[in-house]
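Dear colleague,

Please find below the structure that I am handing over to you. My notes on it follow directly after.

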Amino acid sequence: MIAYVTVGADDIACAKRFYSALLPALGYKLEEGPAGLSYTLAAKPGQPAVLPDFYVKPAFDGHPASAGNGSMVAFEARNQKQVRNLHAAALAAGGSDEGQPGFRASYGPGFYVGYLRDPQGNKIALFSSNPNEPGRDG
């Protein structure tokens, strides 16, 4: 299951105009923050979040956004070990490393993630936020 999709944008205001013209009609709610735009599907009270989320942000590497730069598909793993195993398997199958599995200070304490690119250059994230595993601070 795809958990979230991120696309890059240099002009967030322009991107907001564009995506807000269509995504609310598809059930997405907009939340703005200093890092960009977050569109999420509404969940019924007492129900888990509905995926995938859709994010519009400046490219994380600081370079201008382009097709593929800032774009990323994330796949949710069962646990941290599976993130590590899948990251290694993807590298062995021709991928390139974009960030070894681990915790990132800019994300929540339970978000464990590894990044890579497929042979074509598309960015992929493998993550786990399993609440039964230790987080960044413990």
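D137 is exposed, at 69% relative accessibility (exposed means over 50% relative accessible area, buried under 20%, and partly exposed in between, with a 1.4 Å probe and protein chains only). The side chain of D137 meets that of R136 in a salt bridge of 3.9 Å, N to O; the term stands for a side-chain nitrogen of Lys or Arg within 4 Å of a carboxyl oxygen of Asp or Glu. R136 is partly exposed, with a relative accessible area of 32%.

The model is a predicted one, in which local features need pLDDT of at least 70 and side-chain atom pairs count only at pLDDT 80 or more, while totals for chains, interfaces and linings use all residues. Residues are numbered from 1 along each chain as its sequence is written, and side-chain values use heavy atoms, leaving out hydrogens and water.

By the rule above, the count comes to 3 salt bridges. Another of them joins E32 and K16 at 2.6 Å, N to O. Because E32 lies in strand 2 and K16 in helix 1, this pair ties together parts that are 16 residues apart in sequence (helices, H or I with at least four residues, and strands, E with at least two, are DSSP runs numbered from the N terminus). E32 is exposed at 52%, whereas K16 is partly exposed at 30%.

Strand 2 (residues 28-33) also pairs with strand 3 in the antiparallel sense over 6 bridges; pairing requires that DSSP finds at least two bridges between the strands. Within this pairing, L30 has Y39 as its bridge partner. In strand 3 (residues 36-41), 6 of its 6 residues are buried.

Yours sincerely
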